Amino acid sequence: METGGNSLTSGADAVKRKVCYFYDPEVGNYYYGQGHPMKPHRMRMTHCLLAHYGLLQHMQVVKPFPAKDRDLCRFHADDYVDFLRTVTPESQQDNLQQLKRFNVGEDCPVFDGLYNFCQTYAGGSVGGALKLNHGLCDIAINWSGGLHHAKKCEASGFCYVNDIVLAILELLKMHQRVLYVDIDIHHGDGVEEAFYTTDRVMTVSFHKFGDYFPGTGDILDIGYSKGKYYALNVPLDDGIDDESYQYLFKPIISKVMEVFNPGAVVLQCGADSLSGDRLGCFNLSIKGHGECVKFMRSFNVPLLLLGGGGYTIRNVARCWCYETGVALGMEIDNKMPQHEYYGYFGPEYTLHVSPSNMENKNTRPLLEAIRTKILDNLSKLPHSPSVQFQERPPDTELPEADEDQDDADERWNSDSDMVIDEVRKLIPRRARREVTGPNMKNPEVQKGKVEQARGSVTTETGVDASPMSIDDPKA
Ligand SMILES: [Zn+2]
């Protein structure tokens, strides 16, 4: 059995970790609209399970400080953020051109409180990164985050702002290298694109590939320029089970940890890769999904756990509750405690549910070929790329309060917006785009697709991470 660097051979990892859990009690009230599969209520169900399993008292529970405009603009375009802040369900029809331009309307509807929702989930992820940067916890959790499809100036796949990119940018202030791992059933396209040309962030996405949203994530897409070999894509087919998944996950992640040696890890735990998901087609059990968390945790590197997809909401709550237990190093009872949403979990009323008997289309030869190809790509990397590391830029000023803090209004100063980093002060936004976002063709990902550079993320140490966009019609 492959194990992580510091994992205990006994299986259950006895070493306790300090865990910080971000949760806003309002988050469950946001509503994408009738019939929409994305239901923020699943975070409230998760929280309720955590409370009744007695897990909350083992971690610091933090209400996230809402991300502000300028926090979001560290990745997103100003006009896109302005649009998100001002659009309302009533006014949206007044500017159809903008809706179209920002891809807002159908998959990504305008709903009441949309901008507050974005601020909340992004605030949790950036807040988690800050806690990790300050050494205030070993693992930070934000189940409302992980919205990996959002682009610099475009909503996509139920995602509006990309909290993951923002959190990674924060982690890059402290760490030379950050690893991003994505176990959602969909390709982590927004995060990959943002860091496609940098060697400071490695992105590894395990996803269903072939006639499936968002259509990207070919095994041949490996990064570009300085980022070549720093994007990994693991394309999978329908019905993958726990054993097949771990046959790839563990050796690939072990090798990544060895050669990339990240200072921090972000794990997107999208639960639509679970068996029986309303939109998914994989066959993972909750234990199999949670095994990825357990394995990642075993490396003893600061870890940010985020949510993501997940559309059979009772299973999402089960999964993220189980994985919170994994983060804490606590085994929790399969028999579910009575709680407000107990009725959702019948007829079993258990934490774990059996996967189905669906066919696993991922044959062993197919899996072997993928494993060989990915490990081969990893062997081309130099160990721990050296990066000129300059003076650390200031933190994002995102104070946050314990959930039960008395006076919410006193916990932060409304003027304390995010500090603009030195690089951004020196280069006007437009000029920066011209400097760092050239129109370059990318032979690695082209394969007949039209591409354009769409701007850049300039990290605080001056390393460019120019997001490439692949104009690929949605599946
Ligand atoms: Zn997904």
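Predicted model: local features only at pLDDT ≥ 70, side-chain atom pairs only at ≥ 80, totals over all residues.
**Group meeting: a helix pair and an annotated site**

Two packed helices are described by the angle between their axes and the distance between the axes. Here, α9 covers residues 286-297 and α10 covers residues 313-328, and they pack at about 30° with axes 9 Å apart. Angles under 35 degrees count as roughly parallel, so that's what we call α9 relative to α10.

Who's touching whom? On the α9 side you've got I286, H289, G290, V293, K294 and R297, and they meet R318, C319, Y322, E323, V326 and A327 in α10. Sort that contact by class and you get six nonpolar, two polar and four charged residues.

Now for the annotation. UniProt, in an unreviewed entry, puts the feature "binding site" at D107, G157 and Y311. Those positions span 205 residues in sequence, but no two of their C-alpha atoms are more than 13.8 Å apart, so they gather at one spot.

Let's take G157. You'll find G157 in the loop between β3 (139-142) and α6 (163-171). Is G157 buried or exposed? Buried takes 20 or more other C-beta atoms within 10 Å, and G157 has 22, so buried it is. Leaving out residues up to four places away in sequence, G157 touches D107, H149, H186, F213 and P214.

With the sequence neighbours up to four places away set aside, Y311 touches P37, D272, D277, R278 and L279.

Note on methods
Residues numbered from 1 in each chain as written. Axes fitted to C-alpha atoms, helices over the stretch in contact; angles between N-to-C directions. Helix = DSSP H or I, 4+ residues; strand = E, 2+ residues; numbered from the N terminus. Parallel < 35°, antiparallel > 145°, perpendicular 65-115°, else oblique. Contact = placed C-beta atoms within 7 Å. Nonpolar A, V, L, I, M, F, W, Y, C, P; charged D, E, K, R; others polar. UniProt positions renumbered as here; feature names shortened; annotations may be inferred. Buried ≥ 20, exposed ≤ 12 C-beta atoms within 10 Å, placed from the backbone.
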